[in-house]
Structure formats: structure tokens, C-alpha cells
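Look at how the strands pair up. Then look at how the two chains meet.

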Number of protein chains: 2
Amino acid sequence: MARAATTSDAFNAVAEPKRREILAYLALEERAVGEIVAHVRLRQPSVSKHLRVLHDVGLVRERRRGRHIFYRTNANAIRPLHEWTKTFERFWQHQLLRVKELAESKTQTSNISTDKENS
Amino acid sequence: MARAATTSDAFNAVAEPKRREILAYLALEERAVGEIVAHVRLRQPSVSKHLRVLHDVGLVRERRRGRHIFYRTNANAIRPLHEWTKTFERFWQHQLLRVKELAESKTQTSNISTDKENS
DNA sequence: TTGACATATTCCCATATCGGCATATATATT
DNA sequence: AATATATATGCCGATATGGGAATATGTCAA
């Protein structure tokens with residue numbers, strides 16, 4: 001093996017900027033491929049491929065209507081990502097608290113070099 | 001051009017399962033590379049490379065202490081992802097509402113074929 | 001200085017990825 | 001049936017990616 005098992009999941013699907021753009025666009029209302037092509041600046045085949053990826057991981061649903069295929073975002077499939085980021089919520093709250101405390105202690109004792117910063 | 005501009009950002013960094021694992025591990029407390037290697041099942045160079053990626057996008061901070069380098073998750077850098085997923089929150093709430101309404105109407109009028117489902 | 005330890009970097013290989021182009025497929029219209 | 005329209009698929013080229021192995025770099029200890 002060489003590359004990481006390609007567990008093409010929602011995280012991967014969303015890593016592509018154009019796909020995020022498409023998801024945002026399709027969240028508002030369903031759209032036919034042609035409309036998406038017009039909206040995002042890509043050729044139709046590329047858009048179809050992105051839609052395939054999104055569909056495979058359940059991030060969009062399709063509705064076939066004549067020769068048109070309407071896609072819409074399946075917001076529920078984004079929830080796991082939301083939940084994952086949420087697990088870090090308490091940590092960034094901690095960090096904010098620390099920064100606040102530091103700021104306060106600095107205003108009390110006028111800046112006595114508490115430096116520990118690194119890139 | 002060929003591949004999508006390689007905007008190595010947080011979304012991309014987080015698309016890698018091992019990197020998510022590392023982030024979760026380093027959120028609790030800072031760890032030296034050796035500890036991370038022991039925790040996640042990868043060789044040291046691979047871990048260093050993942051840490052590089054994470055560091056480049058600001059998802060981890062490092063603290064050099066003698067010959068050890070301690071990494072910790074910078075939860076704040078995860079907030080943008082959180083915010084992005086959050087923009088879809090109202091949509092999945094909508095969908096839940098729809099499902100609920102559908103279920104209710106079905107119990108009232110015993111299932112009069114309102115089917116419109118597709119993969 | 002030399003040697004041990006911790007971590008990063010480089011090179012290589014296999015594979016994945018993205019976009020463009022050409023083409024296939026499906027459906028509607030005439 | 002023939003044609004037009006909408007979308008998907010296949011192939012190609014360029015590049016990115018991840019892991020392994022070897023090696024370089026940096027730091028501490030003797």
C-alpha cells in the first residue's frame with residue numbers, strides 16, 4: 001500500500017474548495033447540473049465528477065426529472081463533521097480563558113516578561 | 001495547471017484520519033513526538049510529516065524543550081471548520097422538521113403514497 | 001570531541017486527484 | 001428513426017500525497 005486507504009468520506013469530500021462551494025449553493029435549493037456549472041466556474045464534466053464524490057458520501061441527493069438531474073445538499077451528512085469539530089469546543093474555550101487571564105495579570109503587573117511564545 | 005491549487009488549509013489537514021487522531025490526542029495535553037509515535041501506529045518520519053502539515057496550517061503549536069519538541073492542538077484553528085459546518089445547521093433542522101411532518105401526516109392519512117424518494 | 005538520543009528532511013514508489021477533452025448514455029422532441 | 005439536449009464516464013497529463021528507508025540535524029551527556 002502507499003496512500004492512506006482512501007476511505008473517501010465526508011471529511012475528504014469537503015476538503016475540496018469547489019465542492020464546499022457546491023454544497024453551499026445546493027443547500028438553498030435543488031439545482032440541475034447545468035445551473036451548477038453556470039454558478040461555479042468549471043466545465044460540466046468536472047462538476048459531474050464533484051457531484052459524484054459528494055453523492056457517494058451522501059452529501060447530496062439527486063432527483064431525476066426527465067433529462068435533468070436535480071441535486072440538493074443533504075445537510076444531515078454534514079452533522080458528523082459538525083460533531084467532530086464540536087469535540088474541540090471546550091478546548092478553545094479553555095484557551096480563550098487563558099488569554100483573558102493573561103491579559104488581566106498583565107494589566108495588573110505592568111508586563112514582566114511572561115513570554116513563552118513560539119511559532 | 002492540473003490539480004486544484006493545493007490550498008493546503010485546515011480542511012485538507014483534517015481530511016487525513018491519522019491527523020484527526022493526532023489532533024484528538026494532542027487536545028488533552030501536549031506530547032513529545034515520541035509519545036505520539038507510540039500512540040498512533042506509524043513510523044516516526046510519517047508522524048513528523050503529519051505534524052508538519054498540522055503545524056503549517058496552525059492546527060498544532062510546538063514547544064521546544066531540549067531535544068524534545070512538544071506539540072499541542074491549537075483548538076482555535078478548528079473553529080473555522082466548526083463555523084462552516086454550523087452554516088448548515090438550519091438546513092438539517094429543516095430536514096428534521098420535514099421528516100417529522102411527513103411522519104405525522106402519514107399516521108393521520110394511512111399512507112397514501114407520497115413517495116418521491118431517490119438514492 | 002564523541003556518542004547517544006529525538007526529531008526532521010530527503011528520496012523513492014505507488015497511488016490518488018483534478019481538470020480538460022472526447023465520447024458515451026439517457027431522455028425528449030420532431 | 002433522427003436529432004438535440006443534459007449529464008455521466010473514460011482517458012490523459014500534471015501534480016500531490018502518504019508511507020518506508022536512509023540520512024541529516026540538533027541537543028544533551030560523558
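B:R64 stands opposite B:I69 in strand 3 of chain B. This is a predicted model, in which local features need pLDDT of at least 70, side-chain atom pairs count only at pLDDT 80 or more, and totals for chains, interfaces and linings use all residues. Residues are numbered from 1 along each chain as its sequence is written, while chains are lettered from A and ligands numbered from 1 in the order in which they are written.

Strands (E, at least two residues) and helices (H or I, at least four) are DSSP runs, numbered from the N terminus. Two strands pair if DSSP finds at least two bridges between them.

| Strand of chain B | Partner in chain B | Bridges | Direction |
|---|---|---|---|
| strand 1 (residues 31–32) | strand 3 (residues 68–73) | two bridges | antiparallel |
| strand 2 (residues 60–65) | strand 3 | six bridges | antiparallel |

In strand 3 of chain B, B:Y71 stands opposite B:R31. Strands 2 and 3 of chain B form a hairpin with two residues between them. In its turn, B:G66 has a positive phi of about 65°.

Now the two chains. A rotation of 180° with 0.0 Å of shift along its axis superposes chain A on chain B, with RMSD 0.1 Å. The two copies are thus related as by a two-fold rotation axis.

How many residues does each chain bring to the contact? Chain A gives 27 residues and chain B gives 29 residues. Residues are in contact if their C-beta atoms, placed from the backbone, lie within 7 Å. Helix 5 of chain A gives the most to its side, with five residues.

Notes. Least-squares fit on C-alpha atoms with pLDDT ≥ 70 in both. Contact = placed C-beta atoms within 7 Å.
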